[in-house]
Amino acid sequence: MKGNYVITIGRQLGSGGREIGQRLSAILGISFFDKELISIASRESGLNREFFEKADEKKRFRLFGGVSGLRDLAAGEAMNYYLADETLFKIQSDVIRSLAGQKSCIFVGRCADYVLKDTGRRLSIFISADLDDRIKRVAAIHNMTESKAKIHIEKTDRERARYYNYFSGKEWGSAGSYHLCINSSVLGIDKTADLIYRFAGMQFNLK
């Protein structure tokens, strides 16, 4: 096997997408990037890390909430949000492309499948899970009640969908937007990672 390859993972909150990506990284012996991209983008651009954190996909998008979202913002503030979103997305995208050009990588979220759409050796995955499993996982991770976990899941999924749909022009979570969609509740985290590993082996002719 010659040349770098990339695996991108989109995921519903609580589906175990990050854990699956980390397991794949360990099995394949390649780099894993999720929140790490914020630090790298901050360092490469010279901008404060907090600037990226505030605009991270999980904490944003009053602007992308449509007209109702814009009602809460003055015209000038709305334009600042728009410019910041576009600028930060470009910086982050440049970092993703640079890393993918240097070595084989796994990227979680941040429209990486779209950013790397012209990369030849690419496998894009979307991971979902049954809602009950997602609620239990999120409640345990964040030490919150299941009712609050459900609300958090619904809000985060909406924000991720708006982010992805806006920048990619595709539909977040739709089978047509990815090479493989899988429900992690069927096999569990470890076996789902193993299945994707075998799929990637066939895709990239790994030995």
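**View 1. Lys 90 and Asp 94 sit 4 residues apart in helix H5, about one turn of the helix.** Helices here are DSSP runs of H or I with at least four residues, strands are runs of E with at least two, and both are numbered from the N terminus. The side chains of Lys 90 and Asp 94 meet in a salt bridge, at 3.0 Å from N to O. A salt bridge means a side-chain nitrogen of Lys or Arg within 4 Å of a carboxyl oxygen of Asp or Glu. This is a predicted model, in which local features need pLDDT of at least 70 and side-chain atom pairs count only at pLDDT 80 or more, while totals for chains, interfaces and linings use all residues. Residues are numbered from 1 along each chain as its sequence is written, and side-chain values use heavy atoms, with hydrogens and water left out.

**View 2. Asp 94 also forms a salt bridge with Arg 97.** Their closest N and O atoms are 2.9 Å apart. Asp 94 and Arg 97 are 3 residues apart in helix H5, so about one helical turn separates them. Asp 94 is partly exposed, with a relative accessible area of 32%, and Arg 97 is partly exposed too, at 41%. Buried means under 20% relative accessible area, exposed means over 50%, and partly exposed lies in between (1.4 Å probe, protein chains only).

**View 3. Asp 34 and Arg 110 join their side chains in a salt bridge.** The N to O distance is 2.8 Å. Which parts does this pair tie together? Asp 34 lies in the loop between strand E2 (31–33) and H2, and Arg 110 in the loop between E3 and H6, so the pair links parts that are 76 residues apart in sequence. Both Asp 34 and Arg 110 are buried. Together with Arg 18, they are linked in a network of salt bridges. By the rule given above, the count comes to 8 salt bridges.

**View 4. The largest nonpolar core has 24 residues.** Such a core is a set of buried Ala, Val, Leu, Ile, Met, Phe, Trp, Tyr and Cys residues joined through side-chain atoms within 4.5 Å. Phe 33, Leu 37, Ile 96, Leu 99, Phe 107 and Leu 116 touch the most other members. Elements giving two or more residues include helix H2 (36–45), helix H5 (75–102) and strand E3 (105–108). H5 supplies the largest share, 6 residues.

**View 5. Leu 116 touches several residues, among them Val 6, Ile 96 and Phe 107.** Residues up to four places away in sequence are not counted, and contact means heavy atoms within 4.5 Å.
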